[in-house]
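Have the viewer open while you read.

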Amino acid sequence: MTRLFLSSTALALSLIAGMAQAADLRIALQDDPDMLDPAQSRSFVGRIVYASLCDKLVDLNQNAEIVPMLATDWSTSEDGLKLVLNLREGVKFHDGEPMDAAAVAYTLNRNLTLKESRRKSELGSVEKVEATGPLQVTLTLKAPDASLLAQLSDRAGMIVSPKAAEAAGADFGLKPVCAGPFKFVERIAQDRIVLERFADYWDKDRIHFDKVTFVPIPDTTVRLANLQSGDVHLVDRIAATDAEAVRQNSALGYAEVVGLGSMGIYVNTGFGPKADNVMAKSVELRQAFSAAIDREAINQVVFSGTALPGNQPWSPVSPWYNPDIPVQPRDIERAKALVKAAGHDRVQVQLEHHNNPVVTQTMQMIQAMVAEAGFDVQLVSTEFATLLTMQQEGNYVMSRGDWSGRADPDGNTHAFYHSKGGLNNFGYSNPEVDRLLDEARALSDPESRKQKYAEFASIITQELPIITLGHQKFLYGFTTKLEGFQAYPDAMIRLQDVKLQ
């Protein structure tokens with residue numbers, strides 16, 4: 001009898017342990033995020049972590065449509081100069097402080113005034129932010145801004161605890177305090193970011209994990225191996241070459257979605273310690289470099305045909321794409337002629353890139369392609385956070401970069417191409433581009449905006465501060481024990497209604 005009792009107890013304890021383990025989710029990320037401060041960060045993977053850590057004023061659904069989150073409803077004045085947001089009642093930050101109109105006003109003003117903030121251009125149309133009621137915030141604008149609400153669906157709209165932010169200052173990212181479903185526990189660089197369930201989350205009934213651990217694994221092969229072994233439950237991006245293996249594995253699930261952003265090569269046209277460089281001085285060289293690239297070959301070899309070749313900040317299937325400037329096939333003779341016209345026989349240039357296998361393969365293909373046109377490219381592989389730092393400081397001549405994309409076209413353009421853009425780390429400045437982007441932002445009529453962006457595209461596809469390569473799908477692999485996971489076009493991993501069996 002005693003032995004039976006002990007066996008039953010052991011079985012019960014085992015079941016309990018299994019249940020506890022099932023309540024912990026491990027997600028493999030392609031990169032280690034930069035700082036976890038919504039005002040300062042710029043990495044794609046950081047936004048994936050924020051989806052669990054920091055709720056926003058508004059969110060996007062699977063059709064990239066704006067839906068309520070911390071704000072339940074909103075309205076714009078007839079003249080377009082006031083945006084009024086009504087906030088959700090009873091929301092708390094992870095430190096127990098109330099998420100109210102005062103906190104929203106503080107956060108938005110912090111985004112506008114913090115020296116290190118990268119959200120200034122995203123909120124550049126905002127003249128004043130006021131708490132016009134305990135749960136109502138009014139934004140007064142300098143000019144109408146059709147993109148503003150979409151900006152608030154991303155980092156510019158992530159609300160932070162004023163108490164924590166005021167105490168931490170520019171170091172807020174070391175221990176972020178937001179109002180999301182999970183709160184920050186610890187971060188060990190290049191190893192893990194750990195979050196635990198926030199018991200007072202306003203939408204807690206839709207959250208089914210006690211803990212979420214994000215594990216950076218840059219190598220795609222290693223990420224897949226970790227998924228196959230069960231060490232992680234979800235991989236945020238799998239290599240296109242691994243997609244079929246995931247589909248054929250009965251223990252794994254697969255999902256994909258066309259992204260909103262682009263892949264490209266940033267060209268330093270006049271910023272930081274390497275502002276004075278050969279590529280900055282010659283638009284012909286930038287055009288030659290672009291003309292020497294076979295984008296469709298890269299799509300087929302690296303992405304197994306899942307990507308779309310591109311030359312604009314949005315893909316050829318986007319309504320914002322200018323069809324009068326189609327993606328050109330590789331033209332090596334034109335590339336050679338442009339190099340000669342720029343006064344060169346051979347051009348030596350250094351190109352930094354992330355040490356991810358897919359990126360490395362792409363860069364090696366480009367290195368070989370442009371060599372035929374006269375470019376001797378030295379590839380420098382580096383860790384992702386280091387790459388971002390080099391870009392932020394202008395310590396590069398050419399540098400590989402991705403942008404996950406935004407639902408509104410302003411989110412793919414203004415921060416990069418405007419002379420005052422928060423992500424313009426290449427020193428690009430063109431008054432006509434500034435004018436077109438500012439005017440497009442102020443228009444509410446889609447056709448009028450589309451015309452402005454078409455004119456903008458005709459300029460930047462010639463001047464090429466960014467040499468756009470294409471637009472990829474986001475591919476996910478996950479254990480079939482994971483229920484309810486859905487892929488979103490902004491490529492954020494939302495854990496609401498997701499469970500482990």
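Gly133 has Gln136 in E7 as its bridge partner, and Ala131 has Val137 in that strand. They belong to a hairpin of E6 and E7 with two residues between the strands. E6 and strand E7 (residues 136–141) run antiparallel and are joined by six bridges. In this naming, helices (H or I, at least four residues) and strands (E, at least two) are DSSP runs, numbered from the N terminus; two strands pair if DSSP finds at least two bridges between them.

A word on the ground rules. This is a predicted model, in which local features need pLDDT of at least 70 and side-chain atom pairs count only at pLDDT 80 or more, while totals for chains, interfaces and linings use all residues. Residues are numbered from 1 along each chain as its sequence is written, and side-chain values use heavy atoms, with hydrogens and water left out.

As for confidence, pLDDT is the predictor's confidence in each residue, from 0 to 100. The protein chain averages a pLDDT of 93, and 96% of the residues score at least 70. Residues 1–22 are another story: pLDDT stays under 50 there, and the model has three contacts beyond four places in sequence for that stretch. Contact here means heavy atoms within 4.5 Å.

Axes are lines fitted to C-alpha atoms, for helices over the stretch in contact, and angles run from 0 to 180 degrees between N-to-C directions.

**The seven-stranded sheet**

There's also an open sheet of seven strands with mixed pairing, in the order E8-E9-E10-E1-E11-E19-E12. Its edge strands are strand E8 (182–188) and strand E12 (252–258), each of which pairs on one side only.

E8 pairs with strand E9 (residues 192–197) in the antiparallel sense over six bridges, and Glu186 has Val194 in E9 as its bridge partner. The hairpin of E8 and E9 has three residues between the strands, and Gln190 takes a positive phi near 65 degrees in it. Next along, E9 and E10 pair in the antiparallel sense over four bridges, with Leu195 partnered by Val212 in E10.

**Helix pairs**

Two packed helices are described by the angle between their axes and the distance between the axes.

| Helix pair | Angle | Axis distance |
|---|---|---|
| H15 (residues 431–442) and H16 (residues 446–463) | about 160 degrees | 9 Å |
| H10 (residues 295–303) and H12 (residues 357–371) | about 145 degrees | 10 Å |
| H9 (residues 283–291) and H11 (residues 332–341) | about 160 degrees | 8 Å |

H9 and H11 are therefore roughly antiparallel to each other; angles under 35 degrees count as roughly parallel, over 145 as roughly antiparallel, 65 to 115 as roughly perpendicular and the rest as oblique. The crossing of H9 and H11 is left-handed. A crossing is left-handed if the near helix is turned anticlockwise from the far one by less than a right angle, and right-handed if clockwise. Glu284, Leu285, Gln287, Ala288 and Ala291 of H9 touch Ile332, Arg334, Ala335, Leu338 and Val339 of H11. By class, that contact of H9 with H11 has seven nonpolar, one polar and two charged residues. Ala, Val, Leu, Ile, Met, Phe, Trp, Tyr, Cys and Pro count as nonpolar, Asp, Glu, Lys and Arg as charged, and the others, Gly among them, as polar.

H10 and H12 have a right-handed crossing. The residues in contact include Val301 and Phe303 of H10 and Met365 and Ile366 of H12. What is the class make-up of the contact of H10 with H12? The residues divide into nine nonpolar, two polar and no charged.

Finally, H15 passes H16 in a left-handed crossing. The contact of H15 with H16 has eight nonpolar, no polar and seven charged residues. Among them are Glu432, Arg435 and Leu436 in H15, and Arg449, Lys452 and Phe456 in H16.
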